[in-house]
Amino acid sequence: MPTPFIDTPVEYLKGVGPQRADILKKELQVFTYGDLLLQYPFRYVDRTKFYTVKEIDPEMSFVQLKGKIIDMYIIGERRAKRLVALLQDSSGTIELVWFQGIKWIEEKLKPGIEYVVFGRPNLYKGKFNIPHPEIEEKSDENTKQASALQAIYNTTEKLKFKGLDSKGVAKIIKTLVSQLNNSLPETLSPAVMQQYSLIPHEQAMVNIHLPSSQEILKKAQTRIKFEELFFVQLKLLRLKLVRQKQYSGFVFAKVGDTFNTFYGKHLPFPLTNAQKRVIKEIRVDIGSGKQMNRLLQGDVGSGKTVVALMTMLIALDNGFQACIMAPTEILATQHLASLSDLLKNTSVTIELLVGSTKTAARKKIHEQLREGSLNILVGTHALLEDEVKFKNLGMVVIDEQHRFGVAQRAKMWKKNIQPPHVLVMTATPIPRTLAMTLYGDLDVSVIDELPPGRKPISTVHRFESQRLKVFQFMKDEIQLGRQIYVVYPLIEESKKLDLKNLMEGHEVISRAFPLPKYNVCIVHGQMKAADKGYEMQRFVKNQAHIMVATTVIEVGVNVPNASVMIIENAERFGLSQLHQLRGRVGRGADKSYCILLSSYKLSKEAKLRLETMVRTNDGFEIAEVDLKLRGPGDMAGTQQSGIVDLHLADLAKDSQLLQYARVAAIDVLDKDPELEAPENKVIRSQFVVLNKGRLNWSRIS
Ligand code: ADP
Ligand code: MG
């Protein structure tokens with residue numbers, strides 16, 4: 001069988017050859033024609049438009065001018081040596097500058113002739129110049145030729161060295177595109193294309209690289225994005241289908257005494273409507289005979305713990321054990337404390353297993369688990385170990401699931417012959433579009449309502465210079481009997497520096513809040529667990545007024561009496577972290593505050609982050625801004641997702657298209673789950689190509 005066109009090695013393309021092919025492989029992972037076609041332009045410049053020198057403004061990334069060279073000279077020595085040509089048009093003059101190829105350019109340029117100049121304007125000492133512009137004698141050709149949009153491609157220094165700058169890449173891609181002649185197989189069925197008014201695959205590929213108009217470019221982009229999103233959704237939905245076929249779930253048919261007694265007698269507060277709704281959703285799942293894989297999203301403080309507990313109680317009522325796994329010892333310990341409190345007048349047995357659990361205690365827990373006398377096990381990664389064997393595990397709850405890898409979660413599945421039900425929880429709100437792509441194979445529940453009586457947290461942004469005022473405010477709050485967190489950033493790369501920061505901060509605070517009137521404690525990641533625990537307890541027991549800490553307190557600390565969160569160097573934190581930190585206060589009945597301290601020097605993005613925090617308490621809104629700022633690639637948990645398959649589609653911008661693509665994928669699978677129908681043959685082929693070697697990977701969440 002001949003090699004399909006798109007699998008042709010890239011060195012066979014005219015203008016490429018072995019050397020360039022080699023560098024294309026190394027720099028861009030481009031091996032074949034198909035790979036090269038996937039190098040979509042990251043933007044287009046409109047060469048139909050000419051500007052005048054006067055119209056140039058700093059926002060323009062490219063500008064095209066017409067004018068005459070009126071002067072030309074070489075200045076500077078050695079590396080600063082450059083050729084300057086003064087271009088004049090009807091509105092003024094601008095310097096064109098070359099640092100390389102000076103001799104050649106100097107010979108080529110002739111004064112008095114009209115040129116077309118294209119380049120990136122650069123502001124230097126209050127004046128614009130254009131370094132290394134493209135320049136050509138003006139002709140009918142180049143004033144008209146440019147009726148097309150010019151594609152701009154990503155490139156690297158090494159590629160440029162081999163002549164593959166954006167223009168060079170454009171050239172070889174143009175060569176490739178001109179060879180297309182029904183060479184690319186269609187990937188979507190006629191029905192889908194018709195329903196969503198999509199142009200054919202090959203036509204889209206041609207026009208994404210060589211668009212003849214804005215209009216056709218738009219169509220090409222829509223088609224390609226849709227296709228990307230469609231196949232990611234198809235993959236996720238297929239995984240869900242396969243999983244449901246492969247594994248049946250324990251049927252928890254009844255809600256028994258344990259649940260009912262707890263609900264009737266021991267629940268310390270009425271559930272919010274959102275909590276009730278989520279418990280109902282879970283009950284439907286676990287009674288259905290399918291294995292539950294549900295994601296529970298709920299902002300910090302929304303009350304996920306009690307939902308997790310009641311879910312576990314249903315497992316107990318049906319003769320099963322349950323466990324809850326958290327990413328850190330602090331968090332696991334916190335869970336044990338709140339769960340034990342909720343269960344205090346019941347006969348439910350619960351234990352904690354973490355890395356630091358002593359051997360004797362550990363052995364006892366192992367035993368109780370095996371014989372079934374232990375109902376609920378709370379812990380960290382320690383739960384994953386092989387010696388941790390349950391008599392009959394029926395329900396696994398995973399908190400802050402994005403901190404666990406797929407393999408770790410897979411281990412939990414194997415803790416019973418038939419996989420237990422799985423409830424994963426996250427307090428990091430995920431924008432809908434991202435959730436659909438990250439967790440499109442999971443069912444999602446959302447607690448979108450905080451327990452009553454919460455007072456909103458007032459958030460303000462203050463500069464360093466206002467520190468004294470902030471200190472006074474802290475004193476006033478302490479006077480009222482409240483406690484305060486002061487948090488310093490922790491950035492992996494410079495642990496030393498951060499520790500120094502924290503220590504200095506601690507000193508400043510200790511001086512401003514001296515003993516014996518004030519008591520300050522300190523917690524950071526490099527402390528011994530015992531010391532950390534001791535300092536924490538001082539704060540929990542209200543023996544310390546202020547806790548100075550790094551982000552170790554981001555998850556898990558629950559001190560309702562703390563009413564102020566001060567975040568130092570707030571500009572260095574990401575949005576979701578800021579939001580998590582703020583969630584540490586506002587848990588008691590008192591009015592709470594979050595003060596974001598920063599220097600005056602703020603990047604545009606940092607400013608937007610701080611403004612967002614001041615404006616809203618809504619975790620989902622914050623997550624949307626975060627997604628726009630950072631892009632999906634950097635968000636938690638994206639590594640294992642279909643996002644890597646997205647070249648053009650942007651989850652922050654293409655949410656509408658994603659909806660359509662998901663609906664389309666659901667429709668197709670509903671009618672034809674195995675993709676066997678003749679009209680879906682093209683979809684199936686593309687699906688197989690895209691998922692080569694990973695088809696049998698049942699995703700585990
Ligand atoms: P998170 O979703 O962040 O895990 P928690 O489960 O820790 O939130 O709950 C936060 C606090 O709110 C806890 O102190 C919990 O007891 C309390 N809480 C939970 N649900 C309710 C409710 N329905 N009414 C009142 N308080 C509640
Ligand atoms: Mg929690």
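1. In this predicted model, an oxygen atom of ligand 1 lies 2.6 Å from an N or O atom in the side chain of T305. This is a polar contact, that is, a pair of N or O atoms within 3.5 Å. A polar backbone atom of G301 is likewise 2.6 Å from an oxygen atom of ligand 1, and a nitrogen atom of the ligand is 2.9 Å from a backbone N or O atom of P270. Taken alone, ligand 1 exposes 560 Å², of which the protein buries 76%; these areas follow the Shrake-Rupley method with a 1.4 Å probe.

2. There are 16 residues around ligand 1, and Q275, G301, K304, T305 and R454 come nearest; a residue belongs to this group if one of its heavy atoms lies within 4 Å of the ligand. By class, the shell comprises five nonpolar, seven polar and four charged residues, with Pro counted as nonpolar and Gly as polar.

3. On conventions, the model is predicted: local features need pLDDT of at least 70 and side-chain atom pairs count only at pLDDT 80 or more, while totals for chains, interfaces and linings use all residues. Residues are numbered from 1 along each chain, chains are lettered from A and ligands numbered from 1 in the order in which they are written, and side-chain values use heavy atoms, leaving out hydrogens and water.

4. The largest nonpolar core has 56 residues; such a core is a set of buried Ala, Val, Leu, Ile, Met, Phe, Trp, Tyr and Cys residues joined through side-chain atoms within 4.5 Å. Buried means under 20% relative accessible area, exposed over 50%, and partly exposed in between (1.4 Å probe, protein chains only). Helix α9 (residues 214-246) supplies the largest share of this core, eight residues. Apart from it lies another core, of 44 residues, including L267, L271, L296 and M425.

5. L188 is among the residues with the most contacts inside the largest core. Leaving aside neighbours within four places in sequence, L188 is in contact (heavy atoms within 4.5 Å) with M193, L198, R223, F226, F230, F231, V682 and I683.

6. Helix α8 (residues 201-209) is largely enclosed by the rest of the structure, because seven of its nine residues are buried. The buried residues are H201, E202, A204, M205, N207, I208 and H209. Their cover includes α2 (33-37), β1 (43-46), β9 (149-152), α6 (166-179) and α9. Helices (H or I, at least four residues) and strands (E, at least two) are DSSP runs, numbered from the N terminus.

7. N375 is located in the loop between α14 (359-371) and β13 (376-379). N375 counts as buried because its relative accessibility is 19%.

Key. Polar contact = N/O pair within 3.5 Å; in protein donor to acceptor, adjacent residues only side chain to side chain.
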